Amino acid sequence: MNQFVKKASSKISKLSDEQILGIIDTQASELRLRNLALENSYIGYMLVQNDGTVVYMNRQAVLLIPSYKRKKYSNTAIRKVVLDDGLLAFMETCLIDSKPAQSNVFEFDDPGAGKRYINCMTLRPKDFEGVLFTFSDVSYFHRFKEEFRKNESLASMTTMAAGVAHEIKNPLTSISIYLQLLDRELEKKGSVDKNTADKFLSVVKEEVDRINSIAVDFLFAVKPMSVNLEKMNINDIVEKVVKVVAPELKEKGIALDLRLATSMPNVMIDSALMKQVVLNLVKNAMQAMEICPTNACGKAAKEKRIAMTSYIDGEYVALSVADTGCGMTEEQMEKIFEPYFTTKSNGTGLGLTVLFKIMKELSGDVNVHSTLGMGSEFVIRVPIPKDERFRISFGNDPS
């Protein structure tokens, strides 16, 4: 209510019928203009009382969010208006919370336009016991982000192609040298015995195998991944990997600390790809301790140990894999995910590049923390689906 109306209402007993009608007409005209602006806005508006009753919902809100078809939406319970469970859970949480403003992006399937991304923002207006929800279509920005990701992938592919040429050059040079040496032996003696031939050809075979390994890793790194997402508990993946590597860990004298959080939410992951990620991290940790013997860093001998820890990190499920190897320098950490960068004598330098690519495909990320002489820690994070976040916030049991 504006100041003029407040002032007029306090003196209504002193006003004539004509003056009162004039005030009503003025307010009705202002209300029509406001409704005209709201009904023709590109932003969806929904005003909801704290008890979950929808007071107002404009036409654009009906178009933007999945909603039940009704003749009118005012004075209706929000559960009889909003059709999507994830959005409904978010809105009901906002009605309970006292936070002045919140925001979340929701993905909806539109039969006519494909996937749409709608940003829902909240505001608690003054002099109203409830929340104003606004809805805006941000699909364009998501498509732009996807296009940027594709261009970034193309640039990465170009870098890796150049790396392949460089990496293949070395084994090809070795093959050429040893074939020339074999040819000289043949020129000198007219023939070579099996042992001499085997000596040269074994090197050639090793280098051919190395070229094949480079080609296979490159193809895996650049080809589009077939991702089959399903809701899973990341702890189940970790436990499967541990069963696979346990004998090798025991043989190498590496202790394993497994600290998996209970009541972990499910996340959308590809079981095979995530298993590859976790296995890659464990193998890296094992190799880090192989190239750095327990007393190699100029310090007293220390126990070889890998710690695997799962936990909830805000809106993400996280898995940490830490080792007691030699660690890395700042320069090494900056390059660790670059194609063909490796600290191993027999590595192709694409393992962590592939790992990084998989995590991006799963909408997650990977980070590394390392101290030279102490060890390294890799942390992967996968976003928790919205319905699982609300389950956690309300403390419901997943079953």
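Analyst: Helix α4 covers residues 85–96, which is 12 residues. In this predicted model, its first and last C-alpha atoms lie 17 Å apart.

Look at the start of α4. A side-chain oxygen of D84 comes within 3.2 Å of the backbone nitrogen of G86. G86 is itself buried.

Next, the buried face. The buried residues of α4 are G86, L87, L88, F90, M91, T93, C94 and L95. An α-helix has 3.6 residues a turn, so residues three or four places apart point the same way.

Which cysteine sulfur is nearest to that of C94? The sulfur of C120 is, at 6.5 Å. C120 is buried as well, with 1% relative accessibility. Why is there no bond between them? A disulfide needs the two sulfur atoms within 2.5 Å, and 6.5 Å is too far for a bond. C94 is therefore in no disulfide. By this rule the model has zero disulfides.

The N-terminal end of α8 is capped by D270. There, a side-chain oxygen of D270 lies 3.0 Å from the backbone nitrogen of A272. Buried positions in α8 include L273, M274, V277, V278, L281 and V282. N280 and N284 are also among the buried residues of this helix.

Helix α8 has a packing partner. Helix α7, residues 234–251, packs against α8 at an angle of about 40°. Their axes are 9 Å apart. At that angle, neither the roughly parallel nor the roughly perpendicular class applies, so α7 and α8 are oblique to each other. Their crossing is right-handed.

I177 sits in helix α5, residues 139–189. Is I177 buried or partly exposed? Its relative accessible area is 43%, so I177 is partly exposed. V204 lies 27 residues from I177 along the chain. The C-alpha atoms of I177 and V204 are separated by 9.4 Å.

Technical notes. Residues are numbered from 1 along each chain as its sequence is written. This is a predicted model: local features need pLDDT of at least 70, side-chain atom pairs count only at pLDDT 80 or more; totals for chains, interfaces and linings use all residues. Side-chain values use heavy atoms; hydrogens and water are left out. Buried means under 20% relative accessible area, exposed over 50%, partly exposed in between (1.4 Å probe, protein chains only). Helices (H or I, at least four residues) and strands (E, at least two) are DSSP runs, numbered from the N terminus. The expected span of a helix is 1.5 Å times one less than its number of residues. A polar contact is a pair of N or O atoms within 3.5 Å; within protein, one must be able to donate a hydrogen and the other to accept it, and residues adjacent in sequence count only if both atoms are side-chain atoms. Axes are lines fitted to C-alpha atoms, for helices over the stretch in contact, and angles run from 0 to 180 degrees between N-to-C directions. Angles under 35 degrees count as roughly parallel, over 145 as roughly antiparallel, 65 to 115 as roughly perpendicular and the rest as oblique. A crossing is left-handed if the near helix is turned anticlockwise from the far one by less than a right angle, and right-handed if clockwise.
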